[in-house]
Amino acid sequence: MTPLRDAGGRLVALPEVENTLAACLDAIRTARSQQPDSAGSGTNRILLYVWPPGDVGARELVPLVRRLRPSVSGAGLEEVELVVRRRRATGEPAETSLRITGDTQGAPVLHAGEPPTNVIPPLDDYRRKVLSAARRGTVYPYELTGLLAGDKGTFTEYDLEPGEAGSAVGPGTGRRCLVPADRPKGNNTAGIVVGVVTTPTAVYPEGVTRVALLGDPTKSLGSLSAPECARVIAALDLAEEMRVPVEWFALSAGAQISMTSGSENMDWVAAALKRIVEFTQAGGEINIVIAGITVGGQPYWNAEATMLMHTKGILVMTPDSAMVLTGKQSLDFSGGVSAEDNFGIGGHDRIMGPNGQAQYWAPDLTAAAALLMTHYDHAYIAPGEKAPRPAPTTDPSDRDICGYPHPADGSGFSTVGEIFCAASNPDRKKPFDIRTVMRAVSDQDHPVLERWAGMADAETSVVQDAHVGGHPVCLLGVESHSVPRRGFPPADGPDTYTAGTLFPMSSKKTARAINAASGNRPLVVVANMSGFDGSPESMRKLQLEYGAEIGRAVVNFEGPIVFCVVSRCHGGTFAVFSKALNPNLTLLAVEGSFASVLGGAPAAAVVFSGEVRKRTAADPRVAGLHAKAAGTGTADRATLDAELAEVTEAVRAEKLSEVAAEFDGIHTIQRAVEVGSVDRIISAAQLRPAVIEAIETWKSDRSRPTADGENGEFVPPARSTPVYSR
């Protein structure tokens with residue numbers, strides 16, 4: 001039991017214990033190789049009794065346990081127990097048990113205490129189901145309930161009230177309710193487990209409550225038929241009644257394929273899909289974690305719940321998850337095009353992450369559950385309330401962001417304040433890192449969660465959930481330096497994604513972010529936007545459609561929008577964030593920024609080209625050479641023409657700059673304030689305080705009593721519903 005320690009006294013290794021453990025593992029693997037039927041067993045245990053007394057504490061063993069974790073894989077271990085003898089104050093040795101078990105994802109968990117005296121129980125039905133799910137590389141749903149609820153939370157299982165689960169010939173018009181199920185864990189009859197989970201947090205001590213749906217891999221890999229679909233529909237009804245989000249750990253083989261049921265299963269899948277559409281269009285939130293392979297109907301449910309423009313929920317994927325319409329084997333058999341495995345068809349890294357349909361990636365289900373709780377820190381609205389609760393913050397509301405470090409290489413700026421300085425960036429055209437500016441504005445004592453971080457071809461749009469002055473907000477920015485493209489760009493498109501420009505995928509990301517925040521939390525835009533890209537490639541890839549979606553999202557946005565021009569804002573991007581679109585939009589501009597229909601340089605080159613030509617021709621240098629060439633003979637004319645062309649080009653460049661400067665001098669940010677396009681001009685030091693002030697002013701205005709004497713809580717204005725006639 002002699003420990004090896006480093007120079008700082010930290011435990012590095014326990015050589016004798018590790019060697020003995022390795023011998024035990026070797027014996028287990030040898031036995032498993034001789035008994036193929038035991039290959040899937042996960043019930044093996046190792047008990048080591050360490051006779052010499054030692055002084056190693058349980059906390060010291062945590063790094064060592066993590067280091068040894070890879071060596072125990074493949075041995076089907078349920079537990080490793082070390083019974084060690086430690087000396088008491090009297091000098092007598094006393095036995096202590098150090099037990100190493102695995103959590104839901106197999107990560108090691110260390111327990112210290114008295115040696116257990118209970119008899120190891122035989123496998124019961126529940127444990128057999130847990131092991132059966134583990135053999136498939138999945139997690140039994142009831143093993144997730146403690147993870148979702150947390151240490152102080154609760155999980156209450158629900159099931160359909162007594163009666164038939166569904167018609168044998170398809171879904172009927174009647175719906176059944178969910179009621180609490182008073183039964184032991186593991187007695188579910190359908191491939192989906194339903195429950196209500198509540199997790200207390202610092203902001204919501206009464207608990208963040210949501211309806212949970214958990215796929216059961218032990219029942220035909222969660223295949224879908226009447227019992228499953230009826231419970232999905234009932235769960236959405238319950239969430240709507242409780243006014244809470246749905247949390248779905250999805251795992252399913254798709255519509256059930258059986259000798260006793262057929263097309264009615266597809267009807268049931270469609271009925272559940274319809275209910276998902278109704279629920280999300282009414283503002284309901286469904287957050288999905290892909291807990292394994294999902295096929296057919298389940299991916300379509302995921303898409304209807306989280307991928308469309310109006311949806312508010314998030315979709316999280318792990319390395320062991322995939323969404324496929326048809327599995328690899330079926331595609332190969334039918335002659336379709338597949339990949340080397342299901343992850344190549346619908347996994348995160350190659351498909352769902354780059355296309356933006358998966359909004360987040362998590363290394364395992366434990367991390368996915370933690371990510372969901374971080375999402376609720378920004379977006380959860382308690383039943384009966386109108387918005388997420390502000391979180392306490394120690395970050396001063398009047399903090400000056402100018403001193404915030406700007407470490408981006410090659411920018412030339414060491415602090416954020418230099419970006420807005422007339423001496424270091426007079427024309428506001430130098431590149432900078434927009435994420436640094438966004439982080440400077442947000443609260444420093446709250447984490448920032450970036451959505452769609454891996455979405456390909458959408459890098460110029462940055463979407464973050466953050467807190468500003470304690471208020472949860474959706475923080476939106478446009479990257480302000482050129483972003484290299486992946487692969488080989490087409491000949492009719494740009495070589496790089498230029499700074500301040502929205503391209504088709506970044507426009508789509510922006511519109512989805514605005515829709516997701518609508519009616520939930522304020523939208524804060526840190527704007528350096530030179531417009532939408534108008535190249536043939538972008539036009540071919542639906543630039544008009546996705547740009548228009550931004551305008552529609554702003555028009556429909558319920559809540560405050562604070563739009564801050566920090567450098568330039570021109571063209572279509574100014575139009576889709578105009579104050580004319582939404583009366584709740586506050587438009588601020590940092591001193592020295594620009595806002596106009598078009599930038600000065602392109603305006604001079606295209607719109608005022610005639611004026612440029614006129615000034616160029618009237619310049620004495622050009623006019624003199626013209627006169628001289630007119631009176632010169634043919635022999636010297638070629639030399640003078642060449643000189644004239646060179647001088648004309650140089651003078652034209654000067655006149656372009658001259659006209660551009662005049663245009664920018666007229667279309668200043670001050671003029672935008674005078675005509676009402678911009679509310680007010682602020683200094684860079686006022687950027688964070690002004691954003692907080694705009695949010696709090698909007699909230700205080702909505703909390704005042706209305707004219708008819710009704711009090712208090714803000715109710716979004718009713719939307720007009722179009723009436724369609726046949």
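**Notebook: helix pairs and loop residues**

I began with helices α1 and α2, whose crossing is right-handed. The structure is a predicted model, where local features need pLDDT of at least 70, side-chain atom pairs count only at pLDDT 80 or more, and totals for chains, interfaces and linings use all residues. I number residues from 1 along each chain as its sequence is written, and side-chain values use heavy atoms, with hydrogens and water left out.

**Entry: α1 with α2**

I looked up the geometry next. Helix α1 covers residues 15-34, and its axis lies 11 Å from that of α2, at an angle of about 25°. I take axes as lines fitted to C-alpha atoms, for helices over the stretch in contact, with angles from 0 to 180 degrees between N-to-C directions. The angle makes α1 roughly parallel to α2. My cut-offs are under 35 degrees for roughly parallel, over 145 for roughly antiparallel, 65 to 115 for roughly perpendicular, and oblique for the rest.

Which residues make the contact? From α1 I noted Glu-18, Leu-21, Leu-25 and Arg-29, and from α2 Leu-64, Arg-67, Leu-68, Ser-71 and Val-72. I sorted the residues of this contact into five nonpolar, one polar and three charged. Nonpolar covers Ala, Val, Leu, Ile, Met, Phe, Trp, Tyr, Cys and Pro; charged covers Asp, Glu, Lys and Arg; the others, Gly among them, are polar. Contact here means heavy atoms within 4.5 Å.

**Entry: α6 with α7**

I turned to a second pair. Helix α6 spans residues 263-281 and helix α7 spans residues 297-306; they pack at about 10°, with axes 9 Å apart. That angle makes α6 roughly parallel to α7. I found the crossing of α6 and α7 to be right-handed.

On the α6 side I listed Val-269, Ala-272, Leu-273, Ile-276, Val-277 and Thr-280. They meet Gly-297, Tyr-300, Trp-301, Glu-304 and Ala-305 of α7. By class, this contact has eight nonpolar, two polar and one charged residues.

How many residues of α7 are buried? I counted nine of its 10, so α7 is mostly covered. Buried means under 20% relative accessible area, exposed over 50%, and partly exposed in between, with a 1.4 Å probe and protein chains only. Among the buried residues of α7 are Gln-298, Pro-299, Asn-302 and Ala-303. Trp-301, Glu-304 and Ala-305 are buried as well, and each belongs to the contact with α6.

**Entry: the loop between β10 and α5**

I looked up two residues here. Ser-223 sits in the loop between β10 (208-215) and α5 (226-242). Is Ser-223 buried or exposed? Ser-223 is buried, because its relative accessible area is 7%. Beyond its neighbours within four places in sequence, I see Ser-223 in contact with Glu-228, Ser-252, Ala-253, Gly-254 and Gln-256. Gly-296 is 73 residues away along the chain from Ser-223, with 9.9 Å between their C-alpha atoms.

Leu-221 lies in this loop between β10 and α5 too. Leu-221 is partly exposed, at a relative accessible area of 29%. I noted its phi near 55°, a positive value in a residue other than glycine. Most residues other than glycine have a negative phi. Arg-243 also has a positive phi, of about 60°. I placed Arg-243 in the loop between α5 and β11 (246-252).

Where is Gly-54? I found Gly-54 in the loop between β3 (44-50) and α2 (58-72). Gly-54 is partly exposed, with a relative accessible area of 22%. Outside four places in sequence, Gly-54 is in contact with Met-1, Arg-85 and Arg-86. The C-alpha atoms of Gly-54 and Met-1 are 6.4 Å apart, across 53 residues of chain.

Ser-507 belongs to helix α13 (residues 504-517). Ser-507 is buried, with a relative accessible area of 0%. Not counting residues up to four places away, Ser-507 touches Leu-502, Phe-532, Gln-543, Tyr-546, Gly-547 and Ile-550.

**Entry: the whole chain**

The protein chain has 22 helices and 27 strands. Helices (H or I, at least four residues) and strands (E, at least two) are DSSP runs, numbered from the N terminus. Of its 726 residues, 47% count as buried. The C-alpha trace spans about 115 × 80 × 65 Å along its principal axes. Of contacts with a separation of 6 or more, 72% join residues 24 or more positions apart.

Technical notes: A crossing is left-handed if the near helix is turned anticlockwise from the far one by less than a right angle, and right-handed if clockwise.
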